[in-house]
Amino acid sequence: LKILHIEQVSAGISDAVQIQFRDLARIALRYNSSLVVLAHNPPGGTACFSREDRTATATLKKMFAGIDITLYDHLVIAGDMYVSMRANGGMMG
(Lines give C-alpha, C1' and ligand atoms only; values in the text may rest on other atoms or scores of the structure.)
Protein backbone atom coordinates (compact mmCIF):
# COMPACT_ATOMS: atom_id res chain seq x y z
CA LEU A 1 0.00 0.00 0.00
CA LYS A 2 1.64 3.20 -1.16
CA ILE A 3 0.23 6.46 -2.38
CA LEU A 4 0.64 6.83 -6.13
CA HIS A 5 -1.22 10.09 -6.61
CA ILE A 6 -3.38 12.63 -4.80
CA GLU A 7 -5.76 14.81 -6.74
CA GLN A 8 -8.68 17.11 -5.99
CA VAL A 9 -11.41 15.80 -8.23
CA SER A 10 -14.22 18.16 -7.40
CA ALA A 11 -15.23 21.12 -5.28
CA GLY A 12 -18.78 21.66 -4.20
CA ILE A 13 -21.09 24.24 -2.81
CA SER A 14 -21.72 24.48 0.91
CA ASP A 15 -23.72 21.26 1.20
CA ALA A 16 -23.14 19.12 -1.91
CA VAL A 17 -20.62 18.03 -4.50
CA GLN A 18 -21.01 16.23 -7.80
CA ILE A 19 -18.60 13.35 -8.30
CA GLN A 20 -18.41 11.74 -11.71
CA PHE A 21 -17.33 8.11 -11.57
CA ARG A 22 -15.77 8.46 -15.00
CA ASP A 23 -13.37 11.13 -13.64
CA LEU A 24 -12.38 8.96 -10.67
CA ALA A 25 -11.93 5.91 -12.88
CA ARG A 26 -9.83 7.83 -15.39
CA ILE A 27 -7.43 8.93 -12.65
CA ALA A 28 -7.21 5.47 -11.09
CA LEU A 29 -6.56 3.84 -14.45
CA ARG A 30 -3.99 6.47 -15.45
CA TYR A 31 -1.90 5.54 -12.40
CA ASN A 32 -2.60 1.80 -12.74
CA SER A 33 -4.16 1.79 -9.27
CA SER A 34 -5.58 -1.35 -7.74
CA LEU A 35 -6.97 0.50 -4.69
CA VAL A 36 -8.61 3.90 -4.28
CA VAL A 37 -9.16 5.97 -1.13
CA LEU A 38 -11.65 8.82 -1.27
CA ALA A 39 -11.55 11.74 1.15
CA HIS A 40 -13.63 14.86 1.65
CA ASN A 41 -14.21 17.63 4.12
CA PRO A 42 -17.82 17.90 5.32
CA PRO A 43 -19.81 21.09 5.00
CA GLY A 44 -20.74 21.10 8.69
CA GLY A 45 -17.14 20.80 9.84
CA THR A 46 -17.81 17.59 11.78
CA ALA A 47 -15.90 14.40 11.01
CA CYS A 48 -18.84 12.06 10.46
CA PHE A 49 -20.51 10.37 7.49
CA SER A 50 -23.89 11.43 6.19
CA ARG A 51 -26.45 9.03 4.76
CA GLU A 52 -25.58 10.43 1.32
CA ASP A 53 -21.88 9.69 1.92
CA ARG A 54 -22.69 6.07 2.72
CA THR A 55 -24.94 5.68 -0.31
CA ALA A 56 -22.42 7.27 -2.68
CA THR A 57 -19.61 5.13 -1.25
CA ALA A 58 -21.58 1.91 -1.76
CA THR A 59 -22.39 2.92 -5.34
CA LEU A 60 -18.80 3.88 -6.14
CA LYS A 61 -17.50 0.67 -4.57
CA LYS A 62 -19.66 -1.39 -6.94
CA MET A 63 -18.65 0.71 -9.94
CA PHE A 64 -14.93 0.41 -9.15
CA ALA A 65 -15.32 -3.36 -8.69
CA GLY A 66 -16.62 -3.46 -12.26
CA ILE A 67 -13.23 -2.25 -13.51
CA ASP A 68 -11.25 -4.45 -11.07
CA ILE A 69 -10.33 -1.65 -8.65
CA THR A 70 -11.04 -1.80 -4.92
CA LEU A 71 -12.51 1.23 -3.20
CA TYR A 72 -10.42 0.69 -0.08
CA ASP A 73 -11.63 3.50 2.16
CA HIS A 74 -13.52 6.77 2.36
CA LEU A 75 -12.32 9.38 4.84
CA VAL A 76 -14.07 12.43 6.20
CA ILE A 77 -11.58 15.05 7.38
CA ALA A 78 -12.57 18.02 9.54
CA GLY A 79 -9.74 20.13 10.92
CA ASP A 80 -7.42 17.78 12.80
CA MET A 81 -10.10 15.08 13.14
CA TYR A 82 -10.97 12.34 10.67
CA VAL A 83 -13.11 9.23 10.45
CA SER A 84 -12.50 6.19 8.26
CA MET A 85 -15.44 4.30 6.79
CA ARG A 86 -13.27 1.18 6.57
CA ALA A 87 -12.26 1.34 10.24
CA ASN A 88 -15.93 1.70 11.17
CA GLY A 89 -17.08 -1.35 9.20
CA GLY A 90 -18.66 0.62 6.37
CA MET A 91 -16.63 -0.92 3.52
CA MET A 92 -18.09 -4.40 3.86
CA GLY A 93 -20.06 -6.19 1.16
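Predicted model: local features only at pLDDT ≥ 70, side-chain atom pairs only at ≥ 80, totals over all residues.

I begin with Arg26, which is partly exposed at a relative accessible area of 44%. By that term I mean a value between two limits: under 20% relative accessible area a residue is buried, and over 50% it is exposed, with a 1.4 Å probe and protein chains only. Residues are numbered from 1 along each chain as its sequence is written, and side-chain values use heavy atoms, with hydrogens and water left out.

What is the partner of Arg26 in a salt bridge? The partner is Asp23, and the closest N and O atoms are 3.1 Å apart. The term salt bridge here requires a side-chain nitrogen of Lys or Arg within 4 Å of a carboxyl oxygen of Asp or Glu. Both residues belong to helix H1 and are three residues apart, so about one helical turn separates them. Asp23 is partly exposed as well, at 26% relative accessibility.

A search of the whole structure returns two salt bridges. Arg30 and Glu7 also meet through their side chains in such a bridge, at 3.9 Å from N to O. Because Arg30 lies in helix H1 (residues 21-30) and Glu7 in the segment before H1, this pair ties together parts that are 23 residues apart in sequence. Arg30 has 47% relative accessibility and counts as partly exposed; Glu7, at 38%, is also partly exposed. In general, side chains of opposite charge can pair when their charged atoms come close.

Let me turn to the overall fold. The protein has two helices and three strands, arranged along the sequence as α-β-α-β-β. These elements are DSSP runs, numbered from the N terminus: helices are H or I with at least four residues, and strands are E with at least two. The C-alpha trace spans about 35 × 25 × 25 Å along its principal axes. For 93 residues, a compact globule would have a radius of gyration near 12 Å, and the 13 Å of this protein agrees with that. The radius is taken over C-alpha atoms, and the globule rule is 2.2 Å times the number of residues to the power 0.38.

Of the 93 residues, 28% count as buried. Among contacts with a separation of 6 or more, 66% come from residues 24 or more positions apart, a contact meaning heavy atoms within 4.5 Å.

Two residues illustrate the contrast between interior and surface. Thr57, in helix H2 (residues 51-65), is buried, with a relative accessible area of 2%. Which residues does Thr57 touch, not counting those up to four places away in sequence? They are Leu71, His74, Met85 and Met91.

Leu29, by comparison, lies in helix H1 and is exposed, with a relative accessible area of 53%. Apart from neighbours within four places in sequence, Leu29 is in contact with Ile67 and Ile69. Leu29 and Ala47 are 18 residues apart in sequence, and their C-alpha atoms are 29 Å apart in space.

Thank you for your attention.
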